[in-house]
Amino acid sequence: MSSLRSPLGRARGWGSTGEGSHHWWVMRLSSVAMVPLMLWLMFSLAALAGADHATVTAWLAFPLNTALMILAVATLFFHANMGLQVIIEDYVHHAGLKFATLIAVKFALILLAVTGIVAIFRIAFGS
Amino acid sequence: MPKHPRPLSPHLQVYRPQLTSVLSVFHRGTGGALSVASVILIYWLWAVSAGPQAYATAQGLLHSWFGVLVVVGISGSIFYHLCTGVRHLVWDTACGLDIRSVYRSGGIALFIALLLTLAFWFVALWSVGLIQSLWKGVLS
């Protein structure tokens with residue numbers, strides 16, 4: 001008895017969750033992106049702590065900052081979704097409640113991310 | 001009760017805390033807390049986009065004693081999570097997994113997180129002008 005898995009299951013290599021190593025891999029990929037993005041975000045926000053509205057707007061409207069802020073918000077919420085998913089899967093044991101919590105958290109994070117990106121566009125294009 | 005009591009898996013309540021387990025628990029804890037705190041970033045971006053009045057309200061909240069306390073928590077958590085996260089990435093290459101290296105990298109992660117947090121607050125207090133006025137106070 002070398003393996004309990006069927007030959008087809010082993011060939012597909014998706015494991016018990018049906019998604020293989022995809023979750024693991026995108027979590028690492030977003031982690032690597034988060035390191036420079038969050039250092040940039042935190043030290044930029046620190047430098048802007050005493051700035052007035054016009055200064056902050058001008059700073060965010062600068063194309064490089066607009067691009068980095070969109071990337072930071074998108075990556076942050078992608079990474080948060082991955083992380084919260086694992087936490088929920090570990091601690092919510094009721095199958096239905098787990099499913100509902102996962103979906104609710106996902107929707108809430110997408111709503112926040114889109115709100116943030118729309119705000120960045122409004123600042124960048126001044127409408 | 002079973003005839004032969006089996007060893008318990010490391011439940012947090014009955015397990016002696018060690019640097020390794022405590023750092024691991026805090027990595028997950030800060031990750032969850034920072035996910036919640038991301039609401040504040042979105043609120044701040046929205047306030048900037050909404051105009052000077054909304055921005056002034058946001059700045060007022062962030063510069064209040066409670067706001068500063070929250071930002072202290074966020075800055076400490078994010079730099080901690082970043083450093084222990086890099087430690088996890090190193091482990092994924094199958095490096096530094098023996099007990100000695102794990103304890104050493106844990107110490108290094110804590111130290112760099114502290115340095116980054118202090119640097120963040122130096123920049124923030126400089127931006128607000130507090131460090132300059134403190135410096136003037138020392139000179140005069």
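I began with a definition: helices (H or I, at least four residues) and strands (E, at least two) are DSSP runs, numbered from the N terminus.

**Entry 1. What I am looking at**

This is a predicted model, where local features need pLDDT of at least 70, side-chain atom pairs count only at pLDDT 80 or more, and totals for chains, interfaces and linings use all residues. Residues are numbered from 1 along each chain as its sequence is written, while chains are lettered from A and ligands numbered from 1 in the order in which they are written.

**Entry 2. A:Ser30**

I looked up A:Ser30 and found it in helix H2 of chain A. Is A:Ser30 buried or exposed? A:Ser30 is buried, because 20 other C-beta atoms lie within 10 Å. The cut-offs I used: buried means 20 or more other C-beta atoms within 10 Å of a residue's own, exposed means 12 or fewer, and partly exposed is in between, with C-beta atoms placed from the backbone.

Next I checked the contacts of A:Ser30. Setting aside residues up to four places away in sequence, A:Ser30 touches A:Thr75, A:Phe78, A:His79 and A:Met82. Contact means that the C-beta atoms of two residues, placed from the backbone, lie within 7 Å. I also took a distance: A:Ser30 and A:Leu97 are 67 residues apart in sequence and 27 Å apart in space, C-alpha to C-alpha.

**Entry 3. UniProt spans**

I turned to the UniProt record. Its positions are in the numbering used here, feature names are shortened, and annotations may be inferred rather than shown by experiment. For chain A, the unreviewed entry lists "transmembrane region" at residues 32–51, 57–78 and 99–125. Residues 57–78 of chain A are 95% helix and 0% strand, and their end C-alpha atoms lie 25 Å apart. Residues 99–125 of chain A are 100% helix and 0% strand, with end C-alpha atoms 39 Å apart.

For chain B, UniProt (unreviewed entry) gives the "transmembrane region" as residues 21–45, 65–86 and 107–135. I found residues 21–45 of chain B to be 100% helix and 0% strand, with 36 Å between the end C-alpha atoms. Residues 107–135 of chain B are 97% helix and 0% strand, and there the end C-alpha atoms are 32 Å apart.

**Entry 4. Two helices of chain A**

How do H3(A) and H5(A) cross? Their axes come within 8 Å and cross at roughly 100°. Axes are lines fitted to C-alpha atoms, for helices over the stretch in contact, and angles run from 0 to 180 degrees between N-to-C directions. H3(A) and H5(A) are therefore roughly perpendicular to each other. In angle terms, under 35 degrees is roughly parallel, over 145 roughly antiparallel, 65 to 115 roughly perpendicular, and the rest oblique.

I listed the residues that meet. From H3(A) come A:Thr57, A:Leu60 and A:Ala61, and from H5(A) come A:Ile120, A:Ile123 and A:Ala124. By class, this contact has five nonpolar, one polar and no charged residues. Nonpolar means Ala, Val, Leu, Ile, Met, Phe, Trp, Tyr, Cys and Pro; charged means Asp, Glu, Lys and Arg; the others, Gly among them, are polar.

**Entry 5. Where the chains touch**

How many residues of each chain are in contact? I found 29 residues of chain A in contact with 27 residues of chain B. On the chain A side, H2, H3, H4 and H5 each give two or more residues. H2(A) gives the largest share, nine residues. That side divides into 20 nonpolar, seven polar and two charged residues.

**Entry 6. The core**

A nonpolar core is a set of buried Ala, Val, Leu, Ile, Met, Phe, Trp, Tyr and Cys residues joined through C-beta atoms within 7 Å. The largest one has 44 residues. Among those with the most contacts inside it are A:Met38, A:Phe77 and B:Phe79. I followed B:Phe79: leaving out residues up to four places away in sequence, B:Phe79 touches B:Ala113, B:Leu116 and B:Thr117.

UniProt (unreviewed entry) places a "binding site" at B:His81. B:His81 lies in helix H3 of chain B. B:His81 counts as buried because it has 25 C-beta neighbours inside 10 Å. Apart from neighbours within four places in sequence, B:His81 is in contact with B:His27, B:Thr30, B:Gly31 and B:Leu34.

B:Ala94 sits in the loop between H3 and H4 of chain B. B:Ala94 is not a glycine, yet has a positive phi of about 65°. B:Ala94 is exposed, with 7 other C-beta atoms within 10 Å.
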